[in-house]
Amino acid sequence: MSELLIKGAEIVVTMDDDRRELAGADVLIRDGAIVDVGLGLDTTGEVMDASGCVVTPGLVNTHHHLFQTLTRAVPAAQDAALFGWLQTLYPIWSQLGPEHLFTSTQIGLAELALSGCTMTSDHLYLFPNGGRLDDTIHAATEVGLRFHATRGSMSIGESKGGLPPDALVEDEAAILEDCIRVVDAYHDGSANALTRVALAPCSPFSVSRDLMRETALLARDKGVMLHTHLAENDEDIAYSLEHFGCRPGQYAEDLGWIGDDVWHAHCVKLDETEIDLFAHTRTGVAHCPCSNCRLGSGIAPIIEMRAAGVPVGLGVDGSASNDAGNLIAEARQAMLLQRVAHGGDAFSAREALELATRGGAQVLGRGNDCGQLSTGFRADIAIWDVTGIDSAGSWDPAALVLAGPSKVRDLIVEGRHIVRDGRVASFDLDATVERQNEMVRQLMA
């Protein structure tokens, strides 16, 4: 039996059902789970001093493309909208292989960890040169974050009216066969799972309706979740109307892509009818505000979604469209955009933090074991030092997205230290950064 006591925090922001915030409180962890949150707790195990710190649940990232940490700020893609951006990057991504996938995953996960993230999904939808989903799962195991790997796919290339080049698409029968393989090999449905697998055809403009339908049937047979991009921008809506004769919400409903086992990325252009559909079916949304700004896609109707009852979490999206992977910064951007759209009192700092914690856990199907600091929940915890310049002068240290650090002091996943004293503790980050930069030099050449 192992115990860890996080002692004497300035504020513990529990994000529990009562949204309690406890001054001077402690968090007691035993064997990877939270056993108590309160004042004056004691232990015979390790004690971590949290004075001068805000303690929150670990943040949850619901949408990423970790391989894209290899293609940040590519000049020809810097000023393009979604479709042109993709067409610029596809030829570069076609050069990737297993080592690229492994290394970029570790870099992306480390960046997330330093920004307070304890659980992330990853949408990998291309597998050139022998790359497999396994490469990212093995990388995540070394880093130690809770990892929801999604087996993405593209099957409709340019010659058949799709967007990706033919060299990057796969045969649909082979896609479904590999989906079965990775679910059987890696998916863990238990409450304390560190690795889960979901199935994730890339988008309506890169896969067939048949593959979408067959993937949904397979996922439900296997008991795993479903993920894709939907209604990201005006081009996306136009493509759906032209090729399918309906809006994206109707497309998703017709193919079985709604329900509490489904979450869609972006959803910037959902209309009122689609929001109502998602609300009454409990279909989740991964909100990616920085990427939506970077690609000029628009401001997603998050306030309207939440008011209707749509489950919403945050996603940093890929590092080629963000071009960062800082989740606490993403929460701040989410707050600011809703205020731009609806007024200065429209979206509070606490609402933004809720989106980044229990909101994301709910979207990923982990609302009963992650996303809050409560007895019985997993010990996924972010510790933020608010004694530095970022918070100097703040009257409300718990309002982290208004005035607070952009990196954690410590990060704990399943009771284990992933970040300690501001440095990644689980693997050699410096050596991995050097290796990734060399890979980028080779890709540029």
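## Close-up views of a predicted model

**View 1. Asp-421, a loop residue with a positive phi.** Asp-421 sits in the loop that lies between strand 18 and strand 19, in a structure that is a predicted model. The phi angle of Asp-421 is near 55°, which is a positive value in a residue other than glycine. Most residues other than glycine have a negative phi, and most peptide bonds are trans. With a relative accessibility of 59%, Asp-421 counts as exposed, because the limit for that word is over 50%.

View 2. Is Asp-317 buried or exposed? Asp-317 has a relative accessible area of 3% and is therefore buried, since buried means under 20%. Asp-323 is also found in the loop between strand 15 (312-314) and helix 11 (327-342). The peptide bond that leads from Asn-322 to Asp-323 is cis, with omega near 0°.

View 3. Ala-382 stands opposite Leu-411, a residue in strand 17.

View 4. Rolling a probe the size of a water molecule over the atoms shows where empty space is left. A search of the whole structure finds 2 cavities of 30 Å³ or more, and the largest cavity has a volume of about 130 Å³. The largest cavity is lined by 16 residues, of which His-65, Leu-82, Trp-85, Leu-86 and His-229 are the closest to its centre. Helix 1 (residues 82-93) gives the most to this lining, with 4 residues. By class, the lining of the largest cavity divides into 8 nonpolar, 6 polar and 2 charged residues.

**View 5. The second largest cavity.** This cavity has a volume of about 30 Å³, and the residues that line it include Pro-57, Gly-58, Asp-369, Cys-370 and Arg-378. The lining of the second largest cavity divides into 2 nonpolar, 3 polar and 3 charged residues.

View 6. The largest pocket has a volume of about 300 Å³, and of the 16 residues that line it, the closest to its centre are Arg-282, Glu-354, Arg-358, Gly-359 and Gln-362. Helix 12 (residues 349-363) gives the most to the lining of the largest pocket, with 5 residues, and this lining is made up of 4 nonpolar, 7 polar and 5 charged residues. The second largest pocket holds about 230 Å³ of space, and among the residues that line it are Thr-69, Arg-72, Ile-92 and Met-444. Helix 13 (residues 429-444) gives the most to the lining of the second largest pocket, with 3 residues, while the classes in this lining are 8 nonpolar, 2 polar and 1 charged.

Note on methods:
Residues numbered from 1 in each chain as written. Predicted model: local features only at pLDDT ≥ 70, side-chain atom pairs only at ≥ 80, totals over all residues. Heavy atoms only, no water. 1 Å grid on protein atoms, 1.4 Å probe; cavity = no way out; pocket = protein on both sides within 12 Å on 5 of 7 lines; lining within 4 Å. Points joined across faces, edges and corners; volume = space filled by probe spheres on them. Helix = DSSP H or I, 4+ residues; strand = E, 2+ residues; numbered from the N terminus. Nonpolar A, V, L, I, M, F, W, Y, C, P; charged D, E, K, R; others polar. Pairing = 2+ DSSP bridges. Buried < 20%, exposed > 50% of the residue type's maximum accessible area, 1.4 Å probe, protein only.
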